[in-house]
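Work through the following exercises with the coordinates open.

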Amino acid sequence: MSIKLKIILSFCIFCVLLSGSLSFYIYYYYSDYREELFENRLFLKSKQITNLYAASGNLEQLEKFIFTGDILNLYDERVYLLDEAYILIYTNTENDTLEPIIKQVKLAQGQYNEQMFIADSVRETIIYSFPVKDKCYFIVNSAIDLLGKEKLRNLTSILILGNVFAFFLSLLFGILFADYVIVPLQKIINQVNNISGTDFDKRIIGGNGKDEISQLAMNFNHMLERMQEVYQGQKQFISHASHELRTPLASVLSNLETTLLYDKSIKTTKKQIDKSISQLKQCIELTNGLLQLAYVNKELQLGFESIRLEELTLEEIALLKQKYPKQKIGFEIRNVDENDTTPFEIYGNKNLVGTAIKNILDNACKYSNKKAINVILIKHTTECYLQVADKGIGIPKEDFPRLFDPLYRGSNTRKFQGFGIGLSLTKRIMSLHSGEVSIVSTLGEGTHISLSFPLVSTLEKV
């Protein structure tokens, strides 16, 4: 069943139930009101009869009053007057037997004392007891509410016709309402159908910017953005890998083929193999960097934990000293309270944060011209900073706009080995951890790189 049909049926059922409930309420209370009104008329007429009999005791005058009629005249009225021994004193009809009347009087006397009202499908009866000269008498007065029941039948017909009309009206409005709801969704469906498997730059337009349909369109657009990021990451990986790996792999193949065909001495062959191994190691390093670059994105939320940034930094410095044994690296901590046991506790993926630290430390060592570099940890109220400063070759101003582009290298770094992946990867890792990377550099004087991380205490408050 389609959503449109469900909306129409639900709307119709709701309207019919509402209309039916209201009709039942009107019918029930009008029927009760009619019965109460007719009971009052019977009671008033009976009261007049008993007052007249109590005042005069004249049955002829009583009969004349009943048949003459007045404003309280009742259709097919039947009056029975009985004494306290249940002996019939007077009646205006001979259609009924007396035994059922006496039973009703006894029932009324036993349960209701002075007055009882009885209603069936045709007639309505009131039984009333009254005293005359220290004696108790009973009057039984029954009649047919012809006008009231006719009004009730007319009301029933009006309510039935009204409910039928309400059904068709609700059906019409249900169709219009379903169209009003479904048309925006249909527009979104049509837009989604027009998006191809690689056309992720399109966006869905729908709703008024405030309703749930707009939320659906916005969420779908967010999904498209995430898919576009993944797709672009794949494209970049393929493009970068094919561009950067083609030349070294071709060189390795050429060296091995040349060695196989022409090199006769073991020394020359070993030299060519060593050269090929070095090039293959570079290919492996480049491939690992590209894979990390393609893997790290802002949707990655796996393996997050509390990290002691100062401990992780010292670990990376120790590993880096093995790679650059002659490099001097200074380490300093600032703005830390003596009573604070976890001044640099952050929340994130330990391997990724370690990769970001390693990248900036490796760059500092690589481009420092063997001059000392300084690593400083600074704590602030809501965040902490890892600052790495060197006095190396610096960065030309024209290179700043593209520093974080994958595989881009500065114009003054050609003589240094590298692939231009480190800063791009670090930027993505910091974005994943709600942090930032800032770079200040002067050509020929050195570079200052700062990584900012939100503290765990701040995240807990948020």
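**Exercise 1.** Sort the lining of the largest pocket by residue class, then locate the pocket by the elements around it.

Solution. Step 1: the lining comprises 18 nonpolar, 15 polar and nine charged residues. Here Ala, Val, Leu, Ile, Met, Phe, Trp, Tyr, Cys and Pro count as nonpolar, Asp, Glu, Lys and Arg as charged, and the others, Gly among them, as polar. The model is predicted: local features need pLDDT of at least 70 and side-chain atom pairs pLDDT 80 or more, while totals for chains, interfaces and linings use all residues. Residues are numbered from 1 along each chain as its sequence is written, and side-chain values use heavy atoms, with hydrogens and water left out.

Step 1: the volume of the largest pocket is about 1000 Å³. A pocket is an open set of points on a 1 Å grid over the protein atoms alone, where a 1.4 Å probe fits, with protein on both sides within 12 Å along at least five of seven lines; lining residues have an atom within 4 Å of a point. Grid points are joined across faces, edges and corners, and the volume is the space filled by probe spheres set on the points.

Step 2: 42 residues line this pocket, and Asn 359, Asp 362, Asn 363, Lys 366 and Gly 422 are the closest to its centre. Two or more lining residues come from each of α6 (266–295), α7 (309–323), α8 (350–366), β10 (383–390), α9 (422–432) and β12 (446–454). Helices (H or I, at least four residues) and strands (E, at least two) are DSSP runs, numbered from the N terminus. α8 gives the largest share, eight residues.

**Exercise 2.** Which residues does Lys 366 contact, leaving aside its neighbours within four places in sequence?

Solution. Step 2: list its contacts (heavy atoms within 4.5 Å), which are Tyr 324, Phe 416, Gln 417 and Gly 418. Step 3: check one of these by C-alpha distance; Phe 416 is 50 residues apart from Lys 366 along the chain, with 7.5 Å between the two atoms.

**Exercise 3.** Describe how α8 packs against α9.

Solution. Step 1: the angle is about 145° and the axes are 9 Å apart. Axes are lines fitted to C-alpha atoms, for helices over the stretch in contact, and angles run from 0 to 180 degrees between N-to-C directions. Step 2: α8 contributes Leu 352, Val 353, Thr 355, Ala 356, Asn 359, Ile 360 and Asn 363, which meet Gly 422, Leu 423, Leu 425, Thr 426, Ile 429 and Leu 432 of α9. Step 3: by class, the contact has eight nonpolar, five polar and no charged residues.

**Exercise 4.** In what order do the strands of the mixed sheet lie, and which helices pack on this sheet?

Solution. Step 1: the open sheet has five strands in the order β7-β9-β10-β12-β11. Strands pair if DSSP finds at least two bridges between them. Step 2: β7 (329–334) and β11 (436–442) are the edge strands, each pairing on one side only. Step 3: β9 (residues 373–379) pairs with β10 in the antiparallel sense over six bridges, and Lys 379 has Cys 384 in β10 as its bridge partner. Step 4: α7 packs on the sheet, touching β7, β9, β10 and β12, with its direction at about 175° to that of β7. α8 lies across β7, β9, β10 and β12 and runs at about 25° to β10.
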